[in-house]
Amino acid sequence: APSASHTNMASHRFSYASDLGWAYGEAPSELAGSVSTYESGAGIDIFRYPGELAAGFSDTEIGGATVTDNIQDLVIASIWNGTAMSRAAFGYGSGGRFYQIVDETTPTVSLIATVTNNRVGLEVFKDYIWYAQSTQIGRYGPINAASPTSTDAYWTGFTSTFKGQNLTHPLHEWRGKIYAGDANLLKYHDGTASATQMTLDADYVITAINDNGPLLLIGAGQETVEDTESLVDCWLFTWDEVSAETPANTAPTDKFRFPEPYIHKIMVVEGTIYCFGINYLWKLDAGVFVIVTKLDTRIASGGADYHRGQLYFKGSGDIRAIGSPDPQLPAARYRPYSGTGTSITALKWIQNNKLWYADNNNLYEFK
């Protein structure tokens with residue numbers, strides 16, 4: 001029961017999975033009616049030990065003096081140097097610094113290269129790490145070799161700017177090809193040759209790519225500015241890989257109007273498609289986008305990850321999660337990790353109990 005000084009505020013029973021138990025996660029505010037139990041609590045993990053409240057993992061800096069820009073993308077791969085196999089992540093920073101982070105008791109962080117004219121876009125494909133630049137896509141590898149090397153100008157012919165703004169080139173591997181956004185063009189490379197697969201309306205820009213298995217998912221709209229509030233056209237396009245007679249004229253299989261002007265990232269969790277806008281996280285439900293939760297900052301292209309039934313994403317000063325690690329527990333939203341800084345950067349689960357995230361020109365490990 002609330003104390004006498006708090007009788008004007010919401011009161012909740014302190015229990016686990018009853019109607020107001022903490023297993024239902026964080027309430028929208030201290031005064032809003034909700035089945036959720038607690039008002040706010042960054043750094044509270046409600047699922048690590050079901051039935052108990054726990055503090056989120058503590059973080060440790062692992063980037064040291066090597067990481068000197070904000071890592072916006074992280075991808076994970078198994079690598080072999082001819083002698084030993086390792087788990088590693090590759091990071092791509094805001095200043096074009098390209099990192100390899102080997103997963104060890106004390107992770108080893110090394111600078112692979114400093115890429116000129118870097119742009120957002122990083123992916124693993126056919127034993128190489130592919131990274132975006134202003135007018136080309138480079139690749140680094142083979143990553144399963146003693147001495148990988150970088151080739152910046154491996155895939156050329158990309159557009160640098162549109163409507164006076166620098167373009168990103170999102171990358172995504174799907175069904176034996178790597179796909180890239182280039183303004184209104186969806187391009188692909190099969191490791192040997194490249195081509196344009198789809199041409200969207202001339203005033204559209206592709207900002208995010210993912211897949212849900214049978215469909216390639218493409219976020220595109222009229223806006224090139226990441227933080228705009230103007231509600232211009234923005235769409236989620238889908239494609240089922242049924243090629244047109246002329247590949248460049250391939251039409252999307254379907255399109256769904258997105259309620260915000262820019263799709264920053266597309267995620268798929270247990271068959272549900274989620275799209276991150278500037279102000280809200282949305283999910284596609286029966287062909288219509290519905291709000292999942294309000295965001296307090298936009299996320300980076302690598303700012304979300306899926307792990308154990310939950311969607312994790314970086315907030316302003318915390319890492320948030322939505323979902324449930326067990327089908328017998330209710331899906332909840334909560335903030336298991338706090339003190340993560342406000343930079344718009346990447347996060348990645350490396351092991352079941354190890355999460356890496358970047359902030360303010362550094363790299364950290366929760367474990």
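User: Two strands pair if DSSP finds at least two bridges between them. With that in mind, which residue in S32 stands opposite Leu355?

Analyst: The model is predicted. Strand S31 (residues 354–358) and strand S32 (residues 363–366) run antiparallel and are joined by four bridges, and the cut-off for a pair is at least two. In S32, the residue opposite Leu355 is Phe366.

User: Which strands stand at the edges of the open sheet, each with a single partner strand?

Analyst: The open sheet has four strands in the order S3-S32-S31-S30, with antiparallel pairing. An edge strand has a single partner strand, so one side of it is left without a neighbour in the sheet. The strands in that position are S3 (59–61) and S30 (347–351).

User: By how much are neighbouring strands of this sheet turned against each other on average?

Analyst: The sheet in question is the open one with the order S3-S32-S31-S30. With direction ignored, its neighbouring strands are turned against each other by an average of 25°.

User: How many of the eight residues of strand S8 are buried?

Analyst: Buried means under 20% relative accessible area. Strand S8 covers residues 118–125 and is largely enclosed by the rest of the structure, because its buried residues number six of the eight.

User: Which residue in S9 is the bridge partner of Glu123?

Analyst: S8 pairs with strand S9 (residues 128–133) in the antiparallel sense, over five bridges. The two strands form a hairpin with two residues between them, and Lys126 there takes a positive phi near 50°. The bridge partner of Glu123 in S9 is Trp130.

User: Is His169 buried or exposed?

Analyst: His169 is placed in the loop between strand S13 (165–166) and S14. Leaving aside neighbours within four places in sequence, its contacts include Arg119, Val120, Ala132, Phe158 and Asp182. The relative accessible area of His169 is 0%, and the cut-off is under 20%, so His169 is buried.

User: Which residue's backbone oxygen does the side chain of His169 reach at 3.1 Å?

Analyst: The contacts of His169 include Gln133, Ser134 and Ile137. A polar contact is a pair of N or O atoms within 3.5 Å. At 3.1 Å, the side chain of His169 reaches the backbone oxygen of Ser134.

User: How many disulfides does the model have?

Analyst: A disulfide needs two cysteine sulfur atoms within 2.5 Å. The sulfur of Cys234 has its closest cysteine sulfur in Cys275, at 8.3 Å, which is too far for a bond. Cys234 is buried at 1% relative accessible area, and Cys275 is buried at 0%. The count of disulfides is zero.

User: Where is Arg175, a residue with phi near 50°?

Analyst: The phi of Arg175 is positive, in a residue other than glycine. Arg175 counts as partly exposed because its relative accessibility is 41%. Its place is in the loop between strand S14 (171–174) and strand S15 (177–182).

User: What is the relative accessible area of Arg308?

Analyst: Arg308 is found in the loop between strand S26 (304–307) and strand S27 (310–314). Its phi is positive, near 50°, and it is a residue other than glycine. Arg308 is partly exposed, and its relative accessible area is 46%.

User: Which residue does a cis peptide bond join to Gly141?

Analyst: The cis bond has an omega of about -5°.

Methods. Residues numbered from 1 in each chain as written. Predicted model: local features only at pLDDT ≥ 70, side-chain atom pairs only at ≥ 80, totals over all residues. Heavy atoms only, no water. Buried < 20%, exposed > 50% of the residue type's maximum accessible area, 1.4 Å probe, protein only. Polar contact = N/O pair within 3.5 Å; in protein donor to acceptor, adjacent residues only side chain to side chain. Contact = heavy atoms within 4.5 Å. Axes fitted to C-alpha atoms, helices over the stretch in contact; angles between N-to-C directions.
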